[in-house]
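My notes are below the display.

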Amino acid sequence: IAYQTAWLKAHYPAAFMAAVLSADMDNTDKVVHLIAECRDMQLKVVPPDINLSNYHFTEQTGNTVVYGLGAIKGVGQGAIEGMLAERAAGGPFADLFDLCQRVDLRKVNRRVFDALIRAGALDSLGETRATQQANLAQALQLAEQRSRDINTGQNDLFGGADPGVAPVTGKQELPEWEEEQRLQGEKETLGLYLTGHPINRYEPEL
């Protein structure tokens, strides 16, 4: 077994490391160690991405591993599977408001969205994490309104034919968090600093 796994690691490094990470994704300490090993092997680790990641870690190319959404702390398997099913059925999510309106809010609550934002899993939606955090309450409110309207068969006065499309007003646009806050969010949700490290700013002095 040791010889077989060594052969797989040598010839299919990204697929092998994705499998090993998926097997230990509930153990944050092991994930941290294995991500460091990926970097030592010159493998690129793509941060979690709501429009790209699956529940488990996956291989994107021969030298790229995509972070699994299931390794984000505070995001349950049921919530992730629901979001992935909606992505498969309706295509990629356009922005935070689209995501909130398309998923089942009984499974995906505010705590889940907060963890996804701080982990960087919604970065591909084109807004800063600070902007998403600031707009989360309004996005959830509109999504709950849409759900109620659909359940009662009512059309929103300004929403057109679709009973759920309420107008987005007062949307905030904020600059990205300072690096320290951004990295701290990753540390709390992923167990490691993924897109940088607080000590990097002191590298010249060190």
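These entries go through the helix, then the cysteines, then the charged residue.

**Ground rules.** I worked from a predicted model, where local features need pLDDT of at least 70, side-chain atom pairs count only at pLDDT 80 or more, and totals for chains, interfaces and linings use all residues. Residues are numbered from 1 along each chain as its sequence is written, and side-chain values use heavy atoms, without hydrogens and water.

**Helix α4.** I took helices as DSSP runs of H or I, at least four residues, and strands as runs of E, at least two, numbered from the N terminus. α4 covers residues 77-90. Its 14 residues reach 20 Å from first C-alpha to last, close to the 20 Å expected at 1.5 Å a residue (1.5 Å times one less than the number of residues).

I then checked burial (buried is under 20% relative accessible area, exposed over 50%, partly exposed in between; 1.4 Å probe, protein chains only). A79, I80, M83, L84 and R87 are the buried residues of α4. They fall within an arc of 130° seen down the axis, so they line one face of the helix (the arc uses directions from the helix axis to the C-beta atoms). The face turned away carries exposed A88 and A89. Just after α4, G91 has a positive phi of about 90°.

**Cysteines.** I found zero disulfides (cysteine sulfur pairs within 2.5 Å). C38 counts as buried at 0% relative accessibility. C100 is buried too, at 1%.

**D49.** I located D49 in the loop between β1 (44-46) and β2 (58-61). Beyond its neighbours within four places in sequence, D49 contacts L69, R87, A121 and S124 (heavy atoms within 4.5 Å).
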